[in-house]
Amino acid sequence: MSSVAKLTLVLGGARSGKSRYAESLIAKLPPPWIYVATAEAGDAEMAERIARHRARRGPNWRTIEATHNLEQVLAACRSEPVLVDCLTLWLSNLMLANGAVEEEMTRVEKALLAATAPKVVVANEVGYGIVPDHPLGRRFRDAQGILNQRIAALADHVVLVVAGLPVPLKGTL
């Protein structure tokens with residue numbers, strides 16, 4: 001078995017290389033690997049992004065879509081290596097659906113703690129930008145920051161990816 005941690009959180013900004021880095025961590029383990037996708041293809045541009053991600057990953061990845069039911073998917077895959085990409089889109093989906101944010105965060109935390117195989121979770125670091133001018137944007141930014149803190153507290157490893165370079169924040173690479 002490789003030295004992939006039980007739980008790794010990979011943070012970064014848009015186009016920082018966080019997804020590619022997270023994929024490389026799971027790919028240290030024998031395939032097949034599970035990619036839990038939280039994005040919804042709401043328009044043609046997003047559908048194209050999703051298609052590019054799938055093509056880059058290749059045939060050793062099995063994709064499971066979890067736009068809202070992340071805890072259930074994690075529970076079903078607790079004994080398999082999983083990459084969740086990403087918590088930010090999942091949280092956005094949850095908030096736009098007026099979901100119970102606190103309760104869902106707790107369910108995801110419990111599912112991650114119950115895992116018996118490595119899990120790598122990707123999230124955006126949204127706290128570096130300006131204060132959003134809309135209340136929903138501010139609530140989202142605050143909830144994402146809290147979610148990142150909560151998952152980081154559980155994680156064995158936390159890595160910030162900047163310009164494609166992994167910067168370890170917790171644990172060792």
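Two residues are in contact when they have heavy atoms within 4.5 Å of each other. The structure is a predicted model, in which local features need pLDDT of at least 70, side-chain atom pairs count only at pLDDT 80 or more, and totals for chains, interfaces and linings use all residues. Residues are numbered from 1 along each chain as its sequence is written, and side-chain values use heavy atoms, with hydrogens and water left out.

The protein has six helices and seven strands; helices (H or I, at least four residues) and strands (E, at least two) are DSSP runs, numbered from the N terminus. Along the sequence they follow the pattern β-α-β-α-β-α-β-α-α-β-α-β-β. Among contacts between residues at least 6 apart in sequence, 73% join residues at least 24 apart.

The radius of gyration, taken over C-alpha atoms, can be set against a globule rule of 2.2 Å times the number of residues to the power 0.38. For 173 residues a compact globule would have a value near 16 Å, and the 15 Å of the protein agrees with this. The C-alpha atoms fill a box of roughly 45 × 35 × 35 Å, taken along the principal axes.

A residue is buried under 20% relative accessible area, exposed over 50%, and partly exposed in between (1.4 Å probe, protein chains only). Of the 173 residues, 44% count as buried. Thr 8, in strand S1 (residues 7–12), counts as buried because its relative accessibility is 3%. Beyond its neighbours within four places in sequence, Thr 8 is in contact with Leu 25, Lys 119, Val 120, Val 121 and His 157.

Helix H4 (residues 87–96) is mostly covered, with seven of its 10 residues buried. These are Leu 87, Thr 88, Trp 90, Leu 91, Asn 93, Leu 94 and Met 95. Their cover includes helix H3 (70–76), strand S4 (82–85), helix H5 (101–114), strand S5 (119–124) and helix H6 (135–154). Just after H4, Asn 98 takes a positive phi of about 55°.

In soluble globular proteins, nonpolar side chains tend to be buried together. A nonpolar core here is a set of buried Ala, Val, Leu, Ile, Met, Phe, Trp, Tyr and Cys residues joined through side-chain atoms within 4.5 Å. The largest has 33 residues, of which Leu 9, Leu 70, Leu 87 and Leu 91 touch the most other members. A second, separate core of 17 residues includes Leu 25, Ala 37, Cys 86 and Val 159. Leaving aside its neighbours within four places in sequence, Leu 87 is in contact with Leu 70, Val 121, Val 122, Ala 123, Gln 144, Leu 147 and Ile 151.
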